[in-house]
Amino acid sequence: MFGKIKSFLGSNIFIQIILLSFLWMLASGMTLLLINLVHVSYEVNDHQSASIAISILGIIVFWILAGILTYVLVGLYKGRKKGV
Amino acid sequence: MEINRRDFMKLIGGSLAGLAIGGAAGAVMKLPKSAEPILYSGPRIESWKLTACTACPGGCSLKVRLIDNLPIQAFGNPLSPINEGGICSMGLASVARLYHPDRLTGPMKNVNGKFVSISYDEAYKILKDELGKVIDNKKQDDVFIAVQTESKLRADMFKKFSEETGFSNLIIENFQASGAYPYNQVSGEAPDFIDFDKCDYLLNFGSQITEVSENPLYYTRKIIEHRSKGFKHTAVQPKLTPSISKSDDWVPLLPVFYADFALGIAYVLLKDEQYDKAFVEKYFTGFNDFKQYVLDNYFPDKVQELTGVPSDKILQIGRDFEKAAAPAAYFDETIFYNSNGTENALAVIALNALKGFGGFGKLKEEFFSKILENEKKKEEEITFANLKERLSGHKAIKALLISGSNFVYNSPDQAELKKQLSEIPLIVSFSSFVDETSSFAHLIIPDHDDFEKFDLLIDKSMGLPSATVLQPVVDHYYNTIDTSDVLISLMKDLKSGAKIPYDNYNDYIKQFANKIYSTHEGILMDQSKPTVIEKGLRKIGWQTESYSSFDDFWDGLLDAGGWWNPFADKTSYNPKIDFKTNFGKQNASMKKSLASLPNKKLRLNIFRKNLDYKGSMSLYPVLVEQFGLKWTVFYQLWAEINPDTASKYSLQDRSKVVLKTSRGKFPVFLVYNPSVIPGSIDVPFGLGHTNFGDNCGVNPLAYSDDLFDKSTGMPSFSETLVEIDSASSGSSAYTAQIITDEKKLSGTQNRSVYA
Amino acid sequence: MNDHQFVDEDEVLFRPIYQTSKSFYILAAALSAVLLFGVVMYLRQFIFGLGETGMNEPVTWGFYIISFVFFIGISHAGTLISAILRLSKAEWRRPITRMAEVITGIVLIIGGIHPIIDLGRPDRIMHIFERGRLQSPLLWDMTSITAYFTASTIYLYLPLIPDIALLRDRGGKFHKLYEILSWGYQGTAKQKHVLERAINILMVMVIPIAISVHTVISWIFSMTLQPGWHSTIFGPYFVVGAIFSGIAALIIVMIIFRKVFHFEDYLKKIHFNYLGTLLLVMSLLWFYFTFAEYLTTFYGHEPSEMRVFLYKFTGGYAPFFWLMVFCNFIVPVVFLSNKKLKTIPGILIASITVVIGMWLERLIIVVPSLANPRLPFITGIYVPSLTEISLLAAATAAFILGFMGFSKIFPLISIWEIKEGREESVRMVSARLNEYLPSKGHIRKEIV
Amino acid sequence: MPRYGMVIDLDKCNQCGACVTACKLENNVQIVSKENAEMGRAMFWMKMLDTSYEGSYPDVRAVNVPALCMQCDEPSCIKVCPVRATFKRDDGIVAQIYPQCIGCRYCMANCPYTAKVFNWFKDEQPVENEKCQNIDVSVRPKGVVEKCTFCIHRLQIAKEKAKAEKRELPEDDYVPACVEVCASKAIYFGDLDDPHSKVSKAMHDYRKFTLQEELGTKPKVYYLSAKSE
């Protein structure tokens with residue numbers, strides 16, 4: 001059992017997942033940032049609408065990008081020849 | 001975007017401290033060692049003290065802000081009738097002088113070229129013994145005393161001193177006294193003030209009336225106030241100074257021609273028979289000769305060809321002057337900054353006489369002179385040029401005492417003067433800085449800073465007697481002593497049995513104040529202007545205020561910052577004048593050469609800015625920085641030239657140029673200024689100190705010809721011919737116009753070029 | 001035929017990864033020295049304040065902002081070009097795309113750093129995240145550049161996967177790395193399909209992002225009230241300029257590597273011919289925009305605008321302005337529209353001048369407007385200090401270093417695309433052509 | 001809520017430049033070194049600019065304009081600030097928060113009046129000025145933008161005084177340094193919305209004009225001149 005985890009931690013797939021998660025972190029981090037900024041703009045009621053418009057754009061882009069990469073990587077992983 | 005402040009507090013949190021009060025004062029303020037304990041333990045209590053400004057002859061009342069009894073800022077005293085809360089740059093900057101790093105911290109002795117500090121007693125002993133020797137062998141005439149002070153009382157103290165000790169060679173430089181000098185020549189009494197209530201036409205000969213004059217801020221207010229009431233201000237000056245920027249008419253004219261211009265005006269009056277016949281009959285001795293002389297020599301066309309002022313202009317101004325009910329042709333000390341200054345002044349007086357001095361006024365009873373013993377005496381002795389001449393004439397000189405005057409800096413041909421000074425066996429300076437002059441001293445007994453001593457600045461230029469208190473806002477940090485106290489103790493020691501009714505200068509001031517008190521006239525400056533009713537009541541003998549004792553009055557005086565008498569009566573000024581001089585004879589050749597420039601030559605017109613009074617500016621970094629702000633030229637001498645003249649010599653705007661006079665070459669930064677007289681180059685005075693303060697730039701006076709006004713001996717500021725030595729391309733980081741200088745942009749030119 | 005032979009055929013593409021010459025190390029050392037010097041100079045600036053630069057008032061922006069705009073501009077080489085070429089199924093793109101995308105990746109990092117270098121208080125950078133103001137064009141920039149960077153990195157990575165797989169199969173010092181990055185790609189039909197699809201989505205998506213980036217950068221200027229900046233066509237103007245400089249940079253890079261790594265077999269005259277033509281077109285387009293921009297200014301003749309205008313045309317910046325026109329218009333047109341001169345060296349010269357010219361253009365846009373503010377009483381001049389110059393050098397060095405580094409880990413020319421080309425493109429293209437062409441049948445009928 | 005504004009009567013102004021000095025000293029504005037001044041980094045919150053000359057010699061006059069931050073109602077500097085380091089208070093004063101500023105100098109680039117200045121180096125006053133700095137105003141650190149604040153610290157002090165004495169804040173209690181020292185009383189300051197205040201009276205003068213009106217920044221610093229620009 002323990003050995004299993006160990007081998008898993010050592011294996012490529014684990015590192016690959018970490019790499020992938022970085023992208024997601026970026027995406028979610030960006031999202032959080034934009035939300036925060038929108039929140040601030042509400043706090044000081046300063047052109048909220050503009051903030052919202054911009055942030056929506058930004059958020060969507062990042063999520064799509066993250067999505068695409070995940071799709072590819074998962075796809076590749078699934079699409080391997082059997083028995084390798 | 002609208003944010004209300006509370007939200008923002010919330011939003012930014014503590015960071016609003018950036019705007020907020022008292023941010024890290026401890027870190028901000030650095031004070032003399034002696035003061036630091038107070039600062040860092042101090043409760044940071046704010047207090048205000050009233051004192052007087054000594055930066056220029058104006059003598060405005062200052063409101064000094066102290067934190068834990070350490071002065072940090074100065075503003076104008078809003079209740080003072082002189083400046084009514086206004087203040088000029090020099091007054092604002094003056095606090096910094098108190099903390100100036102170059103200030104002498106105690107008496108200094110010159111031991112072969114180096115100044116070593118000694119105790120006051122030693123210094124005093126040396127001084128006393130030396131002077132004692134002189135007196136013993138009856139050589140009082142071999143001692144010279146050169147004083148520059150704007151305080152009449154201090155001047156008075158020096159006069160007293162010279163009387164008691166017999167050092168008769170006393171030379172006092174005092175702006176107001178100098179202004180009065182030519183009047184004393186011809187009539188024995190000077191007008192006290194311009195009577196703005198009557199005066200409707202001011203013909204101003206060269207006075208920078210709202211910048212540096214007898215009472216600049218008062219004049220500023222009055223001129224602005226009366227302009228709306230049909231009061232006209234015509235200025236005759238070689239430079240479009242801020243003072244006359246708002247004048248109704250400006251006659252660009254070199255000082256050397258003032259007399260001719262004035263007489264040209266006089267001609268118009270005489271021709272039109274529009275002069276004040278009654279007055280002339282009564283008071284103008286030798287009028288007919290004068291009239292004849294003027295009519296013969298000064299018809300407008302002649303004046304035009306002489307001075308270059310178009311004759312119709314002369315006619316127009318002449319007509320204005322004669323139409324005016326109470327015109328005043330005004331001048332002050334600045335008119336003497338020319339080799340024929342006195343002559344000019346006399347011409348202006350003559351012009352005034354034709355209209356009976358209508359614009360001027362006099363106090364009904366000579367308030368101050370009746371309580372000021374020595375004011376009348378020795379009024380004719382002014383300024384240092386006499387010193388220079390006398391020194392050259394006077395080989396056996398024993399000692400020279402200098403107080404307040406930095407005449408080396410303020411004099412042309414400094415080389416010779418310095419030579420003369422270096423030959424004097426004993427020079428004692430009371431300056432609190434080692435300036436150009438006191439660097440020759442053998443002994444320096446530094447005076448208090450003006451924020452550390454008592455004085456009383458008396459003034460009549462408002463048409464009302466006023467006395468502003470100069471009082472210590474802080475007790476002195478350094479081992480300095482009030483020069484007047486030195487004088488007093490000298491008097492006592494040198495002349496045994498001299499009866500001096502006061503044992504220090506403060507007493508003297510107090511006694512003077514007591515005299516004011518005993519007249520029971522006037523009010524303190526702690527109340528607003530009295531109304532008409534008040535004045536009326538006062539006339540019929542009501543006392544708006546009274547003090548139980550002199551001490552009350554004295555305390556009140558210190559708190560109020562001054563005394564004045566708004567109820568003083570004034571009369572018209574009609575002196576007996578007689579002219580023996582016949583005009584126009586002086587330096588005709590100079591006039592010719594200035595009028596028709598020799599080829600390749602330009603006139604060097606040195607002008608004075610309102611940031612500097614007789615070279616004091618370099619003590620105040622904030623002023624030095626601001627000096628060339630108008631042209632965005634920093635820390636270097638600039639020269640203004642008329643674009644037409646420039647194009648004739650193919651000189652670039654904002655380029656470096658080297659000027660060449662008979663005394664040498666000096667670099668200037670050339671800027672175009674369409675208001676400059678064609679053929680002239682205007683250069684500011686005030687930079688180029690070599691010994692103290694911000695020594696940047698050049699002192700143009702040092703390069704101008706050795707010319708003085710014959711009788712007052714003021715240096716000549718605008719009679720030197722100069723030629724363009726070389727025009728090198730170079731420019732400051734700011735440019736007034738689009739630059740055409742690729743070098744700058746490609747970065748190949750290193751910055752040291754600008755410096 | 002089997003893989004092995006193909007590998008042999010494209011051996012030259014693998015060589016840079018497995019063999020390193022001495023000169024490589026020397027150059028790398030030299031460049032890193034330059035880079036290091038730049039870093040030191042920046043630290044000085046960080047400690048003593050921005051006074052170390054040549055900026056002053058009113059010229060408050062200098063080399064840093066210029067380089068920022070310039071490098072971001074270059075970045076459009078890549079992604080945009082490769083995306084457009086892919087989209088338009090231009091077969092000759094195959095050996096080019098990779099390099100283009102690499103340029104983008106590297107240059108974006110360099111460009112992105114510059115605004116931070118330009119800050120007076122870099123230590124307060126976090127304020128942007130805590131209290132940032134999304135209405136400020138600077139924030140738009142931050143967002144769009146990050147987005148663009150992510151997108152283009154992914155867009156670089158995906159087409160790289162098959163090549164990484166090849167490298168993995170060959171083995172080598174970065175074996176582990178390849179294994180991880182290749183995600184077990186074996187070129188199965190499913191995998192190919194997935195990859196194709198992702199790439200297609202991305203290349204559609206990248207184009208608007210790329211355009212938005214430079215539009216937003218232009219807005220930094222055109223949103224202000226400064227004369228010479230406040231202009232509506234700045235967006236497209238900047239984009240065109242960006243692509244223009246991008247292509248030039250791409251050509252330079254290609255020619256250099258062609259020489260260094262002997263890619264003559266892959267990067268043929270025809271490629272440079274096509275790119276040259278593209279460059280020529282962009283040059284004309286750029287000139288059109290410039291002309292439009294300045295003609296309107298001149299015709300409007302608004303005083304403050306005119307001051308800037310004259311400052312550029314006849315004033316202090318005239319030499320730079322006319323040099324720019326020479327570099328960006330005259331040289332390219334002369335070299336690229338003329339058969340004799342349109343050789344590879346000729347094209348190289350044209351591209352180099354264009355890169356220089358585009359840098360000058362950024363200079364022309366940033367400084368003169370600041371030097372002639374609306375209140376005409378104080379105008380400025382700008383003399384860059386050693387700090388700024390050395391940082392510009394460092395940026396360039398970083399760019400080259402990045403490329404060299406990349407060339408040592410991944411192939412600079414997309415091997416699998418080349419293969420694909422060999423195997424299929426002929427068939428695909430002929431098929432496509434047949435679709436375009438009318439079939440022969442009718443013609444016979446007509447005759448009969 | 002008051003709306004503070006200023007009116008400068010150019011017909012009264014006699015170009016003495018006291019306002020410039022007063023401003024520098026009141027706000028501890030840095031006096032930069034000679035080299036920097038010559039490079040064009042001299043710091044002035046209030047400038048006395050030699051704008052132009054009217055007429056031709058000899059009937060020529062200099063037009064000088066004391067220029068400070070115009071405290072716009074529609075400030076273009078606020079629009080572009082990425083970190084809200086500059087903002088408009090309810091009383092209309094455009095304030096600058098030094099601890100918040102990251103020194104991107106975008107606001108300077110976008111100020112049509114070039115009223116803002118930047119701390120290129122650490123503040124280093126000449127020693128004599130350091131010793132008598134105004135403790136009400138904190139010295140700005142290096143790398144931030146600063147500008148005229150209508151002597152906001154004076155407002156805060158005045159407010160606290162008034163509060164302590166439990167009274168309304170009268171008009172004359174709060175004036176910036178430049179207004180206080182002006183010898184020719186050419187500068188009016190106060191609440192523009194209050195129809196009785198001196199400033200609003202002066203503001204409704206026929207000679208009124210503002211700089212760069214066409215930009216629509218709505219400056220709250222008005223100028224009076226018979227020959228308006």
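This is a predicted model: local features need pLDDT of at least 70, side-chain atom pairs count only at pLDDT 80 or more; totals for chains, interfaces and linings use all residues.
**Entry 1: chain B overall**

I started with the secondary structure, and chain B has 26 helices and 30 strands. Next I looked up burial: of the 755 residues in chain B, 57% are buried. I then turned to contacts in chain B with a separation of 6 or more, and 74% of them are between residues 24 or more positions apart.

**Entry 2: domains of chain B**

I looked up how chain B is divided, and the assignment gives three entries: domain 1 (108-173 + 373-446), domain 2 (187-363) and domain 3 (597-753). I wanted to know how domain 1 of chain B meets domain 3 of chain B, and found 17 residues of domain 1 in contact with 18 residues of domain 3. Which helix gives the most to the domain 1 side? That is helix 17 of chain B, residues 384-393, with three residues. I also sorted the residues on that side of domain 1 by type, and they come to seven nonpolar, seven polar and three charged.

I moved on to strand 2 of chain B, residues 61-67. Six of its seven residues are buried, so this strand is largely enclosed by the rest of the structure. I checked its partners one by one. Strand 1 of chain B, residues 46-52, pairs with strand 2 of chain B in the antiparallel sense, over seven bridges.

What lies between strand 2 and strand 3 of chain B? The two strands form a hairpin with two residues between them, and B:D68 in the turn has a positive phi of about 50°.

**Entry 3: a parallel sheet in chain B**

I traced an open sheet of four strands in chain B, with the order 11-10-9-13 and parallel pairing. Its edge strands are strand 11 (249-252) and strand 13 (327-330) of chain B, each pairing on one side only. From one strand to the next, the twist averages 10°.

**Entry 4: an antiparallel sheet in chain B**

I followed another open sheet in chain B, this one of three strands in the order 8-14-22, with antiparallel pairing. Strand 8 (193-194) and strand 22 (570-572) of chain B are its edge strands, and each pairs on one side only. Strand 8 of chain B pairs with strand 14 of chain B, residues 360-363, in the antiparallel sense over two bridges. I noted B:F360 in strand 14 as the bridge partner of B:I194.

**Entry 5: chain D**

I finished with chain D, which has eight helices and ten strands. Its radius of gyration is 18 Å, close to the 17 Å that the globule rule gives for 229 residues, so chain D is as compact as a globular protein of that length. The C-alpha trace of chain D spans about 55 × 45 × 35 Å along its principal axes. I looked up burial here too, and 65% of the 229 residues in chain D are buried. As for contacts in chain D between residues at least 6 apart in sequence, 60% join residues at least 24 apart.

Technical notes:
Residues are numbered from 1 along each chain as its sequence is written. Chains are lettered from A and ligands numbered from 1 in the order in which they are written. A residue is buried if 20 or more other C-beta atoms lie within 10 Å of its own, exposed if 12 or fewer, and partly exposed in between; C-beta atoms are placed from the backbone. Two residues are in contact if their C-beta atoms, placed from the backbone, lie within 7 Å. Two strands pair if DSSP finds at least two bridges between them. Axes are lines fitted to C-alpha atoms, for helices over the stretch in contact, and angles run from 0 to 180 degrees between N-to-C directions. The radius of gyration is taken over C-alpha atoms; the globule rule is 2.2 Å times the number of residues to the power 0.38. Domain bounds come from an automatic or database domain assignment. Ala, Val, Leu, Ile, Met, Phe, Trp, Tyr, Cys and Pro count as nonpolar, Asp, Glu, Lys and Arg as charged, and the others, Gly among them, as polar.
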